[in-house]
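The following note sets out numbered points on the model shown below. Each point takes up one topic and may be read separately.

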Amino acid sequence: MARLGMREWMAVGRVMANGPLTRTERPGGPCDRFEDELAQFAGCQGTLAVSSGTAALISALQACEIGPGDEVLVPAYTWMASAGAVLHVGAVPVLVEIDTTLTIDTTDLASKITPRSRAIIPVHMLNRPCDLESILSIARTHDLKVIEDACQAVGIRYQGQVLGTFGDMGTFSFNQHKNMTCGEGGAILTNDPDLLTRARNAHDMGLGFRQSNTTDPDEIFLGNNFRLNEMQGAILRVQLRKLQSRIDRMTRRVEVMADQLGWAGYPVAPLHDDGPAASLVLTFDTELEAVQFSERRGARRLFDTSKHVYTEWGPILTRKMAHPGITPWAWAGHPNGPGPDSCPKTLDLLKRSCTINAMPDVPLPIVRYLARKLAA
Ligand SMILES: *Cc1c(COP(=O)(O)O)cnc(C)c1O
């Protein structure tokens with residue numbers, strides 16, 4: 001988890017001393033500046049800061065006009081919000097298996113496309129890029145929107161380009177567990193000004209009188225309040241400046257550990273990019289080996305990570321919304337939705353795989369020592 005220090009503390013103090021904490025009261029304030037700096041860092045046209053990664057996904061789906069009757073292809077291994085956001089806009093998620101990199105399997109993806117499919121949400125899990133080349137090509141062939149969920153891969157690159165900038169839209173999360181944080185927060189990235197306008201509208205209640213929102217009455221629709229506040233914006237500006245060096249520390253440590261474990265014959269899982277990896281996963285031949293390895297310090301078996309495994313997505317598997325009348329399954333092509341047996345290949349991979357923490361804040365000599373112990 002990303003660390004906060006004196007610089008973030010001072011940045012928040014300055015905001016508190018200077019007046020309004022609401023971004024709409026302070027044009028050119030920390031949230032506006034953070035959005036510009038994030039766009040610069042990611043190399044995309046526009047960004048929008050929002051209150052969470054989930055809010056980013058919902059606003060992006062609304063911007064792309066996804067809704068009732070539509071199907072959105074989502075991997076079976078992701079934080080529950082990737083699939084939950086789809087239901088919140090009235091569409092239904094169709095679960096897709098993962099491949100040996102632990103990201104969406106493009107063969108299974110292609111086989112699950114139906115006339116109702118409207119979008120794909122590839123999720124770059126554990127700082128691991130999806131096979132974007134194949135995904136973008138499938139999306140073009142079938143005229144599907146691509147909304148990248150880069151919530152767990154903020155600042156990570158694929159073929160040198162920042163994840164979240166390949167699809168129609170990309171989403172980041174800044175909750176406590178992500179590569180940078182302000183407690184809770186998120187962002188949308190896009191190169192399409194019309195989608196950005198719609199996302200702004202969606203995250204700010206559809207308030208056409210705001211300077212930064214559209215004033216075209218035909219474009220305005222009812223939105224939510226998913227705004228970020230100025231204290232969060234100020235923290236994120238500092239965190240963004242630290243992001244690349246944090247990622248560099250992660251890749252260095254992953255390299256050290258992958259070398260040690262690789263030499264010792266451990267089965268390091270592949271990645272869809274040849275660049276430096278910021279993530280380390282071992283996929284064993286048997287479940288038992290993974291269970292035993294997960295007892296070592298710094299290792300975790302992926303099957304044991306609760307709401308990241310689709311069989312643990314309680315309200316999605318039971319199809320329970322806040323009110324029975326707004327259950328998108330009622331008007332979907334598959335009224336039964338996914339069940340516990342929908343993606344057996346995913347469960348098998350997760351049962352046999354362990355991830356090892358990249359430990360960016362642990363000094364390298366200690367990482368070398370821990371790697372030798374892990375590989376022993
Ligand atoms: C964290 C996360 C989210 C949601 O982010 P929140 O900020 O917690 O709402 C979405 N997708 C994935 C893959 C995540 O890891």
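1. Helix α8 (residues 230-263) and helix α12 (residues 364-375) approach each other with their axes within 9 Å, crossing at roughly 30°. Axes here are lines fitted to C-alpha atoms, for helices over the stretch in contact, and angles run from 0 to 180 degrees between N-to-C directions. The two helices α8 and α12 are therefore roughly parallel, given that angles under 35 degrees count as roughly parallel, over 145 as roughly antiparallel, 65 to 115 as roughly perpendicular and the rest as oblique. The crossing of α8 and α12 is right-handed; a crossing is called right-handed if the near helix is turned clockwise from the far one by less than a right angle, and left-handed if anticlockwise. Helices and strands are DSSP runs (H or I, at least four residues, for helices; E, at least two, for strands), numbered from the N terminus.

2. On the basis of the note: this is a predicted model, in which local features need pLDDT of at least 70 and side-chain atom pairs count only at pLDDT 80 or more, while totals for chains, interfaces and linings use all residues. Residues are numbered from 1 along each chain as its sequence is written, and side-chain values use heavy atoms, with hydrogens and water left out.

3. Helix α8 also packs against helix α2 (residues 30-42), the axes coming within 8 Å and crossing at roughly 25°. That angle makes α2 roughly parallel to α8. The crossing of α2 and α8 is left-handed, whereas that of α8 and α12 is right-handed.

4. How do α3 and α4 pack, and at what angle? The axes of α3 and helix α4 (residues 81-88) lie 9 Å apart, at an angle of about 40°. The helix α3 is thus oblique to α4. Their crossing is right-handed.

5. The structure holds 15 salt bridges, a salt bridge being a side-chain nitrogen of Lys or Arg within 4 Å of a carboxyl oxygen of Asp or Glu. One of them joins E8 and K242, with the closest N and O atoms 2.8 Å apart. This pair connects distant parts of the chain, since E8 belongs to helix α1 and K242 to helix α8, 234 residues apart. E8 is buried at 2% relative accessibility, while K242 is partly exposed at 31%. Buried means under 20% relative accessible area, exposed over 50%, and partly exposed in between (1.4 Å probe, protein chains only).

6. R246 is buried, at 8% relative accessibility, and D361 is partly exposed, at 31%. Both belong to a network of salt bridges that links R3, R246, R249 and D361.

7. D32 and R23 form another salt bridge, their closest N and O atoms being 2.6 Å apart. D32 is partly exposed, with a relative accessible area of 25%; R23 is buried, at 11%.

8. E65 has a positive phi, near 60°, and is located in the loop between α3 (53-63) and β2 (71-75). L102 likewise has a positive phi, near 80°, in the loop between β3 (92-96) and α5 (106-111). Are these residues buried or exposed? E65 is exposed, at 53% relative accessibility, whereas L102 is buried, with a relative accessible area of 0%.

9. A nonpolar surface patch is formed by M6, W9 and M10, which together have about 400 Å² of accessible area. Patches are made of residues with over 30% relative accessible area and no salt bridge, like charges being joined within 9 Å and nonpolar side chains (Val, Leu, Ile, Met, Phe, Trp, Tyr) within 5 Å. Accessible areas come from the Shrake-Rupley method with a 1.4 Å probe, and for residues only the protein chains shown count as cover. M6 is part of helix α1 (residues 6-18) and is exposed, at 56% relative accessible area.

10. Lastly, L280 lies in strand β10 (residues 280-283) and is buried, with a relative accessible area of 2%. Its C-alpha atom is separated by 28 Å from that of D168, 112 residues apart along the chain.
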